[in-house]
Amino acid sequence: MEKKNAVVLGKGELSIQIAQWFHESPAHRLIAVVPVVPEPTFLPSLTAWAEAAGVPVVASGHYRDLLGEGATRIDLAMSVFYDRIIRRDFIDACGRILNLHNSPLPRYRGVRSSHWALKNGEREHGVTIHEITPGVDDGPIVSQVRYPLWPEFDEVGEVYTRALAFGWTLFQQTLPLLDQIAAQPQDESQATMYRSSDNHLLGERGTMTRAEFHGRG
């Protein structure tokens with residue numbers, strides 16, 4: 001069986017776990033990683049992992065540098081907390097392109113979903129793997145898992161850590177079945193969206209802990 005060429009775009013621990021999975025997969029060949037640039041210093045480095053593993057790195061952090069004359073075919077691209085909107089030309093260049101988003105889509109599209117879920121007093125949150133379209137987090141859903149929130153005492157950092165654990169489990173359960181799964185359109189009537197321009201409305205939920213927010217006063 002011919003191996004499928006895979007690319008991982010993203011940042012942090014979960015992107016490294018997923019890149020490692022592709023690197024070790026007998027059915028895939030990890031041909032490159034595309035890190036968020038600059039990489040957040042408080043997260044494990046996808047670039048450092050790739051260099052140690054001998055996997056090519058797109059140092060610019062821009063997916064477009066995987067395109068062009070003589071470019072290697074991309075059968076599957078996986079975005080894991082990548083920070084760029086992916087345009088149609090790259091979507092069309094991939095056999096399939098997926099995003100792992102930290103929310104129970106179609107709710108909480110956009111940015112800072114854990115922050116907003118706690119701000120809004122949600123009792124559950126989730127992680128979704130969906131197909132990437134030219135829109136923002138609105139592509140058909142491949143798989144999803146939900147997990148509990150306790151907004152009365154949960155902090156954003158704790159929810160983010162929970163999301164990483166559930167996201168990793170969801171990825172491992174989904175990828176071996178990917179060719180058999182028919183992605184389902186999102187219910188637009190249930191969609192919510194938060195943009196960077198909304199961040200100032202988060203108040204004490206704008207930081208990883210409420211103590212951190214109040215400490216800045």
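Is arginine 88 buried, exposed or partly exposed? Arginine 88 is partly exposed, at a relative accessible area of 46%, where buried means under 20%, exposed over 50% and partly exposed in between, for a 1.4 Å probe and protein chains only.

This is a predicted model, in which local features need pLDDT of at least 70 and side-chain atom pairs count only at pLDDT 80 or more, while totals for chains, interfaces and linings use all residues. Residues are numbered from 1 along each chain as its sequence is written, and side-chain values use heavy atoms, with hydrogens and water left out.

**View 1. Arginine 88 in helix 3.** Helix 3 (residues 88–93) contains arginine 88; helices here are DSSP runs of H or I with at least four residues, numbered from the N terminus. From C-alpha to C-alpha, arginine 88 and glutamate 212 are 40 Å apart in space, and they are 124 residues apart in sequence.

**View 2. Helix 1 beside helix 2.** The axes of helix 1 (residues 12–24) and helix 2 (residues 46–53) come within 9 Å and cross at roughly 25°, which makes the two helices roughly parallel, a term for angles under 35 degrees. Ser15, Ile16, Ala19, Gln20 and His23 of helix 1 make the contact with Leu46, Trp49 and Ala53 of helix 2, contact meaning heavy atoms within 4.5 Å.

**View 3. The largest nonpolar core.** This core has 38 residues, and those with the most contacts inside it are Ile18, Phe22, Val33, Trp49 and Met78; such a core is a set of buried Ala, Val, Leu, Ile, Met, Phe, Trp, Tyr and Cys residues joined through side-chain atoms within 4.5 Å. Its largest share, six residues, comes from helix 5 (residues 156–174).

Key:
Axes are lines fitted to C-alpha atoms, for helices over the stretch in contact, and angles run from 0 to 180 degrees between N-to-C directions. Angles under 35 degrees count as roughly parallel, over 145 as roughly antiparallel, 65 to 115 as roughly perpendicular and the rest as oblique.
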